Amino acid sequence: MGTLNRILTHFLVLTILILACLGSVFGQHSSGNIRCFERERQVLLKLKDELVDESGRLSSWGVGRNRMECCKWRGVRCDNVTKHVTQLSLRTPPGINQHDGQSVTPLRGKISSSLLELKHLTYLDLSFNDFEYSNIPEFIGSFEKLQYLNLSYANLSRQIPQSIGNLSQLIYLDFSSNSGLFSENLGWVAHLGSLEYLDLSVVELGKASNWLHAISNLTSIKELHLVNCGLQGILPSSLPSINASASLSTLDLSMNPGISSSTFLFFLNFSKSLTSIDFSSNNMTILTPAYALDNQIFLEHLDLSNNNLEGGIPKFFGNMSSLIHLDLSRNSFMMPLSEIMINFSGSVEKNLKYLDLSDTMITGSLPDFSKFSSLNVLVLRGNKLNGSITKDYPNIPSLTRLDLSSNSFTGELPDLTIYPLLERLFLSDNMFNGALNENIGSLSEMKVLDLSSNNFEGIVTESHLFNLSRLRMLDLSFNPLLTVNCSSHWIPPFQLILIRLSNCKVGPRFPQWLRNQNILDYIDFSSSQIVDTIPNWIGDLASRPIRLNLSNNQIHGVFPKIGFSIFNLSSYMSSPIHDRVSGMILDLSRNKITGEATFLCQSEEWVLIDLSNNLFFGHLPNCFANSTRIMFLNLANNNFSGTIPSSFGSLPLLSLLNLRNNSFSGEIPTSLRSCTGLQFVDLGENRLTGIIPTWIGDELLSLIVLSLRFNEFRGIIPSSICNLQIIQVLDLSLNKISGVIPKCLDNLTAMTAGPGSEQKFSNIVGTPSLYYTLQDAAFFMWKGQTIIYLIHNIFVQLIDLSSNALIGDIPSEITKLLGLNSLNLSRNSLSGQIPVNIGLLKNLDSLDLSRNYLFGDIPASLSELSFLGKLDLSYNNLSGRIPPLRFDESAFAGNPGLCGRLELNKSCPNENENTHQDANFNGDAGVTYNLKNEEDELITVGFYICMGFGFVFGFCGIFGVILLNKSARSAYFKLLDAIEDFVYMR
């Protein structure tokens, strides 16, 4: 009995212990206190040590007593049963860190090989980090259980390893937006039989000729994104066979101009379950046969924009009953819009919500859209549509966005209250006229109103805007007959992000109602007839990334103490404004504003600063070291003084620097050699001294315009200037430069290329509003007048070395600059002859070689310069006959050795010389130029010989008759006697 009791006792104790252990285990499970494996914890700590974490995102990963549980670390997940780490998500989140209000920065470093110890990983997301152009490591292919892999936007490069094909359980794969990644063989993709999602966008696949065959093996694929991969087209005869229909629903092959209609047709046969197709920006020339799209009964989204489609829109579009979104923009249909709408007749009319036919060269007036009962968005921008929309306008009450911009519509606006849901209205760049109806103010859903570049007139008051409580963007610019006059006491019901009233009448006072706008980041009141001071409250708008353009008004007074706050621009979401410019813009040019420019130090987010043509004064602060976004800096025509700030050299994106017509002194700071992106430099009309730095030609190889005119530079022209191969404007005039003209000028290849090689100004400026802001920034001396460097948006090609102390010959190499429009070497001490082959410069419009010591003949080839509008060869030692040129005597004055022009009252020696041949002016072609005498071309040697023979035969004929004929002889002598008697009697 005792033994039995002992056995029962032991059994009870053991049972209690087991239950206690189980309770502990389940209690731990229920409370989430899973203890991770020490080996895996050490792996994660090693990974943390190898990454740079500036935002402290991995601060929960530690060794402290309260941080031992790695399964609770940020981004780490463990299996509830096995306790192994199965998920690692280190994706950089967007937005702001809640702790310090700063944006979250990416992790930096390399993908550590220590990850290989996490053998149970099923989920790995390292996207939106910076792995510093490192490669995807081979060991990634060793995670046999991996189902989710995302390395997108991770700054990875080099070849994608073939070992990725070993991830047989992979369902989701995203390597997109790593511009350095490439794959020359997509065979590894074919082994991913379980793959449902694949995104290789921006990965270079141009050499992967087997890409389509690899994709055709993915029978489980549901979503495929291969955007901008350089994919090559495949001939129809080489298309892979299709064994079974795949379950692909989303297809995006946009921006692959190498692929065409045959590839599109393949995917229509590859899957019958497609709901979304984006085949935009490719080389599609014809739409596929009707049966192919008819089979896509689930298709809701179709984007075929920016292809080469021509001729028209097939009728089968009308039968696509599921279609919601259709984008056919930027093609060449070239047919009336009314005919297109007929082909859309059918079941598509019921469900279609988005239709974009912009930039398709369609014509005619607006047809009836009333059958499209669900249409929300209609975009017809950039076509050849015309007529009045007062009577012919889209009767679609469901519209939320209407874009008719850049057409030729005329007349007044219709009653827009027929669109009660309208949120975005774009009617810019047409020929609308008349006054704006006040009922436009009743469109309470309106967010964007763009009526710019029309002929509207009358007065816009608060009555036009009274109920637009959701309005965010207002653009009435370039309506010169339109006046905007809202009461200074009016408090608008809306908060604008953008307002553009340029080239309207807003003045004379600055609009006071703006002071209540708290989220404005784009203000353009340029050329709006404001005659006022800048109000102090404008500083309240500067607490965010503002783009402010008040140029070309009569704003005066001292610039107020505006506190442009220093902020991190990345913390702001970009606004839907006209220019994709990330940063602050300040354009106060062409006013009468005065004061110092210390306010420029109050922000580090400037992109454009234009204070030109004002009355600013004082020294520029040396505070630009952290303003690394600045691209354009124009301070021309002010009263700034002192030295050029050395901190300009810390502006890596600087493209335009214009300090013209100030009082800057000292030398050009050496730090500017770091601004290797400079394309436009104008330091003219200052008091700069020193020599022209050699590093300009060695480092600033992107220069298109270089003007150092009217300073006090001395020394020689450095030969390194010839390294500026794309320069088009070189102006070193009005200095104290000595020495000879470099003979290497023919290395300026942009000028040797001839017409058609000119650099467009818009290529430098890039964005539309910056173009209009800076197009008047560059001036030079042309034909004795200061004019703009630009002609029809193209830089002239010019060399001006005038008013220096240059000596020596004019190098013949200069005649190889075939594109040159203007050459000015006047007011130097040049000697020698004018290059005989100067006639090769066929595009010359202005040539000034005056006031030098040139001698010899004027080359006859100058007469071949048909575009030459100004010529000045005065005050040299030229001699000989002046070629037939259409310029008056002032072009040749001060050359006593010249002859052959009536105005000079000096004939040339050997006036009767029949011909004169100038020297061979083109040694390569052996071309000679014969100068014709001013005498009649009939007076030749042959003429005199014939005249002698005529005289002999005439004389012998008459005198012979008298000698041989008696009666004739008697009559002849009687005539002589009669003449003698007549003379005697007289």
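## Disulfides of the model

The S-S torsion of Cys601 and Cys623 is about -85°, so this disulfide (a pair of cysteine sulfur atoms within 2.5 Å) is left-handed. The pair joins distant parts of the chain, 22 residues apart. Cys601 sits in the loop between strand E33 (592-595) and strand E34 (606-610). Cys623 sits in the loop between strand E35 (615-619) and strand E36 (632-634). Strands (E) are DSSP runs of at least two residues, numbered from the N terminus.

This is a predicted model: local features need pLDDT of at least 70, side-chain atom pairs count only at pLDDT 80 or more, and totals for chains, interfaces and linings use all residues. Residues are numbered from 1 along each chain as its sequence is written, and side-chain values use heavy atoms, with hydrogens and water left out.

The structure holds five disulfides. In sequence order, the bonded cysteines of the protein chain pair 1-2, 3-4, 5-6, 7-8, 9-10.

| Pair | Sulfur distance |
|---|---|
| Cys71 and Cys78 | 1.9 Å |
| Cys601 and Cys623 | 2.0 Å |
| Cys899 and Cys908 | 1.9 Å |

Cys71 and Cys78 have an S-S torsion of about -90°, so their link is left-handed. The link of Cys899 and Cys908 is right-handed, with 105° about the S-S bond.

Next, accessibility. Buried means under 20% relative accessible area, exposed over 50%, partly exposed in between (1.4 Å probe, protein chains only). Cys71 is buried at 12%, and Cys78 is buried at 14%. Both Cys899 and Cys908 are buried. Cys601 is partly exposed at 28%, and Cys623 is partly exposed at 25%.

Technical notes: Helices (H or I, at least four residues) and strands (E, at least two) are DSSP runs, numbered from the N terminus.
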